[in-house]
Amino acid sequence: MAVVQQTARPEGRSSSSFWTVARRDSLAGFLFIAPQLIGITLFVLIPLCLVFWYSLHEWNVLANTFTYTGLANYQMLLEDTSLPSVLGATAIFSAGLVIFNLSLALLLAVLLNQKLAGITIFRTLFFSPVVVSLVAWTIVWGFLLQKNGGINGVLLVFGIDGPNWLREPVTAMISVIVVQVFKNVGLNMILFLAALQGVPNELYEAARIDGAPRFKQFRRITLPLISPTILLTSIITIVGSLQVFAQIAVLTQGGPGLTTTVLVYYLYQQAFQFHFFGYGSTLSIMLFVIVAVLTFAQWQMRKRIVFYES
Amino acid sequence: MKAELSPRRQVFLYGLLCILLIPFVFPTWWMVTSSVKPISDIFAFPPQLLPESYDWTTYSKVFELQPFVKQYWNSAYIAALVTIGTMVVSSMAGYAFARIKFPFANAIFMVVLLGLLIPSEVTIVPLFQMFLKAGMVNTHWPLILVPIFGAPSVFATFVMRQFFIALPVELEEAARVDGLGRFKIFRKIALPLARPALASVAIFTFLHSWNLYLEPIVFLSSADKFTLPQALTQYTDAYGGPMWNIQLAAATLTALPVLIVFIIAQKQFVEGLAHTGLKG
């Protein structure tokens, strides 16, 4: 910039005015965003095109062949007998996670919103799993959920013979959901708490004068007023649930059978354990479409469901 | 709702909170205490809330069985680089999108936001192939470059942009009248004011990098390159079964430092993460 200015100066005012404030700002703007823009191009846009390109090919790593097969991989999606259970497991996992996460987060937020001495200590403790290393958290839960582990030990004290949590279909799914919810529910709890504190107190006072019971106050005042936060947290949680990988890999390896093999885990197996990079890419495209459709749908719902937007 | 509660309700509320707290606090307690139990006591019945006898050799075995110091260092330096790099990249981009008028700014912002919509799992196959061609598989480069410049930093950029938009513009305009250049305004005026947002970005970026699991197991293959989350699962016996007390000792060493920093700076953490709405 300085060089251009110096060479331009001798020719008089008219040409040095090339570097107007607006032009300098444009240059500065581009320089400021350059690292991010180059990064997005290199690590998001190009890979996104590549993953689509790969999905149209049969890729044999051992023979080192890469042949165009058109939509054959997409045909394979339809014929893959494992895929219905994978999608089923993904749907159950995501739905269970979102419902359990949001209701627990809301419950905790309402409880923590009470006037009570030492309430911030509770807030800190409920939040603490968020900062515990994910795999460490998963390992200790895996330990607790063993057939002879801590949870069954406690149950046995009460005379209950607990199941082998991670080895039976229904309890394995419940376990991976619950472990994930306790890890991260603190984040949604804090978001709800902030939203609850934003609800004007006068509304409750008015309702109390009118004699509305507490539950009705919650349904008619609290819920509508915090609906933007509910929408935001549900989008974040659903998209996050589709990315859950480490917990499944450490706790159940997708088992027993395929009961906890969610889409991301299946994608990982196909691409990096069986080296079906073409089919793995097709599954990636599917994951992308699912995330995009869900995000779009929830964003549309905003108009219908969200009562009030700040 | 914020009315003073009757003593009876208070007791009820404390009781309820304490019960609800069990699954949040007990696992960490169980991790720390079980890590010093001898292997014979680890599945003892009834469960020992406090170890009845101690076996500290679990901690020395953590370091004997794997290059744990090296792995700790790997995780720490990668997380530090990613955190600093993301703060630089996202504050610059966020500032530009919030303050500077330049052609196609909105279109470019939309393209960048695409990074929020695309989970990194979608692009893991082509990224692996790209880094394979570049000879960077089994190095730490993918774990450093992709988070700083790729999709994970987009969220940070978004947070920084929102912060700068909410910041009053008068100070910067006065500096402009005084003839300060854009970069100096950013560096000397805007950035110091953005400390709270930068702190949030630092916290969630650090946690994200510290917890990364899929990327390390895809990109790294030799034990001295491993990061902590990956290393924790490697303490297994000859049959592939986990050596529980050693795994828990390694897990404790991984989790406790962050937990202690959190307890010291809990206000920063909670508010920092709440303001941004980190994805879970």
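# A tour of chains A and B

Start with chain A. A compact globule of 310 residues would have a radius of gyration near 19 Å, but chain A has 27 Å. This is a predicted model. Along the principal axes, the C-alpha atoms of chain A fill a box of roughly 95 × 70 × 35 Å. Colour chain A by secondary structure: there are 15 helices and 2 strands.

**Stop 1: the annotated spans of chain A**

Now move to residues 124–144 of chain A. Here the chain is 71% helix and 0% strand, with end C-alpha atoms 23 Å apart.

**Stop 2: where chain A touches chain B**

Show both chains. Contacts link 86 residues of chain A with 82 residues of chain B. Which helix gives the largest share of the side of chain A that touches chain B? Select helix α3 (residues 21–55) of chain A, which supplies 21 residues. By class, the side of chain A that touches chain B has 61 nonpolar, 22 polar and 3 charged residues.

**Stop 3: α3(A) against α4(B)**

On α3(A), pick out A:Gly29, A:Ile33, A:Gln36, A:Leu37, A:Ile40 and A:Val44. Their partners on α4(B) are B:Ala105, B:Ile108, B:Val111, B:Val112, B:Leu114 and B:Gly115. This contact of α3(A) with α4(B) has 9 nonpolar, 3 polar and no charged residues.

**Stop 4: a pair within chain B**

Select helix α3 (residues 68–99) and helix α7 (residues 151–166), both of chain B. These helices pack at about 45°, with axes 7 Å apart. That angle makes α3(B) oblique to α7(B). Is the crossing of α3(B) and α7(B) right-handed or left-handed? α3(B) passes α7(B) in a right-handed crossing. Show side chains at the contact. From α3(B), it includes B:Thr86, B:Val89, B:Ala93, B:Phe97 and B:Arg99. From α7(B), look for B:Ser153, B:Ala156, B:Met160, B:Arg161 and B:Phe164, among others. The contact of α3(B) with α7(B) divides into 9 nonpolar, 6 polar and 2 charged residues.

Key:
Residues are numbered from 1 along each chain as its sequence is written. Chains are lettered from A and ligands numbered from 1 in the order in which they are written. This is a predicted model: local features need pLDDT of at least 70, side-chain atom pairs count only at pLDDT 80 or more; totals for chains, interfaces and linings use all residues. Axes are lines fitted to C-alpha atoms, for helices over the stretch in contact, and angles run from 0 to 180 degrees between N-to-C directions. Helices (H or I, at least four residues) and strands (E, at least two) are DSSP runs, numbered from the N terminus. Angles under 35 degrees count as roughly parallel, over 145 as roughly antiparallel, 65 to 115 as roughly perpendicular and the rest as oblique. A crossing is left-handed if the near helix is turned anticlockwise from the far one by less than a right angle, and right-handed if clockwise. Two residues are in contact if their C-beta atoms, placed from the backbone, lie within 7 Å. Ala, Val, Leu, Ile, Met, Phe, Trp, Tyr, Cys and Pro count as nonpolar, Asp, Glu, Lys and Arg as charged, and the others, Gly among them, as polar. The radius of gyration is taken over C-alpha atoms; the globule rule is 2.2 Å times the number of residues to the power 0.38.
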